[in-house]
Amino acid sequence: MDIFYGIDGTGDDNNDQYAADFENSHVRTMWKKWHTPIAGYLRGPSLAGTETADRMWEGLSWVKAKWETYEKQATPAKPTRIFLAGYSRGGAATVALAYHLNKADIPVHAMFLFDAVDRSPLFFTDTIPENVSACYHALRHEDAGSRESFGNCGRKHAAAVAYTEEHFMCTHGGVGGTPWDKNGKSGKIEELETSHKVVATILGGYGGKKLADEHDFTNIDVEQDKKGSQASWAWMSKKLSLARASKEADGIAPFGIYGKTRR
């Protein structure tokens, strides 16, 4: 039985607003269209990011419980396989989740990361552990000028991991399936809210304004962001098809032929 679990990216504190903002995120789309009933999804942490560790522990508990249930029923012809996905801080939580699964000797068939970033006091987010057979990581291209203060995690890996990454010309939001829908006065996407710019200027004067500007203006407009987001999804969909086809369980067709869609 194939098991899927996804942890999405940072978003609005309000769950209803978050659900609307992330309705078509790549991680959520994977979950909604997963081909077996054993699929879990968790919204990402709030903007403060303080819940990142909680998301990881909740995901770990869910995945371990499903593994223990279905591994007892597994056969060589129908193995139990775990697929994990994560975006942004949710990507960091997913890497840490895999680390703890490794400590429990539980294998991960494949991991799918969308611009994983470590912006919380969560340990074991830097390196993909050896229990992960394959990891695919979609990243924002540095020339996009998006979230330049965000460092990525999950780009190092144990020797046993088949790791592949690809960069996309879009914003951090676009990579994860939540592209922007409005350009700023510059004609490009501006990633900081006006209130944040004002606070930075008040607290830091000219230096604060300059720092805010450096981390605000991107080189991407909404049309390019949409295209980059679509490219990120197309690339990852192909990788998911490959991962599912390897030692294929239950005779499932490649990704793209779905069962019931979740809501």
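The model is predicted. His109 sits in strand β4 and is buried. Helices α3 and α4 pack at an angle of about 45°.

- Strand β4 spans residues 108–114 and includes His109.
- The relative accessibility of His109 is 16%. Buried means under 20%, so His109 counts as buried.

**His109: contacts**

- The side chains of His109 and Arg81 are joined by a polar contact of 3.3 Å.
- A polar atom of the His109 side chain lies 2.8 Å from the backbone oxygen of Ala243.
- Neighbours within four places in sequence aside, His109 is in contact with Arg81, Ile82, Phe83, Ser133, Ala134, Ala243 and Ser246.

**Helices α3 and α4: geometry**

- Helix α3 covers residues 52–71, and helix α4 covers residues 89–103.
- Their axes are 9 Å apart, at an angle of about 45°.
- That angle makes α3 oblique to α4.
- The crossing of the two helices is right-handed.

**Helices α3 and α4: contact residues**

- From α3, the contact is made by Thr52, Met56, Trp57, Gly59, Leu60, Val63 and Lys64.
- From α4, the contributors are Arg89, Ala93, Ala96, Leu97, His100 and Leu101.
- By class, this contact has eight nonpolar, three polar and two charged residues.

Key
Residues are numbered from 1 along each chain as its sequence is written. This is a predicted model: local features need pLDDT of at least 70, side-chain atom pairs count only at pLDDT 80 or more; totals for chains, interfaces and linings use all residues. Side-chain values use heavy atoms; hydrogens and water are left out. Helices (H or I, at least four residues) and strands (E, at least two) are DSSP runs, numbered from the N terminus. Buried means under 20% relative accessible area, exposed over 50%, partly exposed in between (1.4 Å probe, protein chains only). A polar contact is a pair of N or O atoms within 3.5 Å; within protein, one must be able to donate a hydrogen and the other to accept it, and residues adjacent in sequence count only if both atoms are side-chain atoms. Contact means heavy atoms within 4.5 Å. Axes are lines fitted to C-alpha atoms, for helices over the stretch in contact, and angles run from 0 to 180 degrees between N-to-C directions. Angles under 35 degrees count as roughly parallel, over 145 as roughly antiparallel, 65 to 115 as roughly perpendicular and the rest as oblique. A crossing is left-handed if the near helix is turned anticlockwise from the far one by less than a right angle, and right-handed if clockwise. Ala, Val, Leu, Ile, Met, Phe, Trp, Tyr, Cys and Pro count as nonpolar, Asp, Glu, Lys and Arg as charged, and the others, Gly among them, as polar.
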